[in-house]
Amino acid sequence: MSEETQTTPEVNLEVSDLQNAAQIIDLAVQRGAFRGNEAAQVGAVYNKLTAFIEGIAAQQAAQAAEQAAEQAAE
């Protein structure tokens, strides 16, 4: 195979994609898509995902506040 056929497309994963994934998990749980013995594992993944999203949101808010303070100082 040539190098051209082996290249993989660039993947762009954004915060909104992670938020959508969390919403999908939430809806699936509400609709009973998981068995009881799977609930703990699904819940753990959901909790990690939402904690990560909240952490990113906090970082973005801090950066925005920092930029606003810099612009106000100019």
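Lysine 48 counts as exposed, at 64% relative accessibility. Here, exposed means over 50% relative accessible area, buried means under 20%, and partly exposed lies in between (1.4 Å probe, protein chains only). The model is predicted: local features need pLDDT of at least 70, side-chain atom pairs count only at pLDDT 80 or more, and totals for chains, interfaces and linings use all residues. Residues are numbered from 1 along each chain as its sequence is written, and side-chain values use heavy atoms, with hydrogens and water left out.

Lysine 48 lies in helix α3. Helices are DSSP runs (H or I, at least four residues), numbered from the N terminus. Helix α3 has 35 residues. From its first C-alpha to its last, α3 reaches 51 Å, close to the 51 Å expected at 1.5 Å a residue. The expected span is 1.5 Å times one less than the number of residues.

The axes of helix α2 (residues 15-30) and helix α3 (residues 39-73) come within 10 Å. They cross at roughly 150°. That makes α2 roughly antiparallel to α3, a term for angles over 145 degrees. Axes are lines fitted to C-alpha atoms, for helices over the stretch in contact, and angles run from 0 to 180 degrees between N-to-C directions. The crossing of α2 and α3 is left-handed: the near helix is turned anticlockwise from the far one by less than a right angle.

Contact means heavy atoms within 4.5 Å. On the α2 side, the contact residues are Val15, Leu18, Gln19, Ala21, Ala22, Ile25, Asp26 and Val29. In α3 they meet Val42, Val45, Tyr46, Leu49, Thr50, Phe52, Ile53, Ile56 and Gln60. By class, the contact of α2 with α3 has 13 nonpolar, 3 polar and 1 charged residues. Ala, Val, Leu, Ile, Met, Phe, Trp, Tyr, Cys and Pro count as nonpolar, Asp, Glu, Lys and Arg as charged, and the others, Gly among them, as polar.

Val42, Leu49, Thr50, Ile53 and Ile56 of α3 are buried. The buried residues of α3 pack against α2. Leucine 18 is found in α2. Leucine 18 is also buried, with a relative accessible area of 15%. Leucine 18 touches Leu13, Leu49, Phe52 and Ile53, not counting residues up to four places away in sequence.

Glutamate 66 has its place in α3. Glutamate 66 is exposed, with a relative accessible area of 52%. Glutamate 66 and valine 15 are 51 residues apart in sequence and 20 Å apart in space, C-alpha to C-alpha. For lysine 48 and alanine 22, 26 residues apart along the chain, the C-alpha separation is 9.8 Å.

Key:
Helices (H or I, at least four residues) and strands (E, at least two) are DSSP runs, numbered from the N terminus. Angles under 35 degrees count as roughly parallel, over 145 as roughly antiparallel, 65 to 115 as roughly perpendicular and the rest as oblique.
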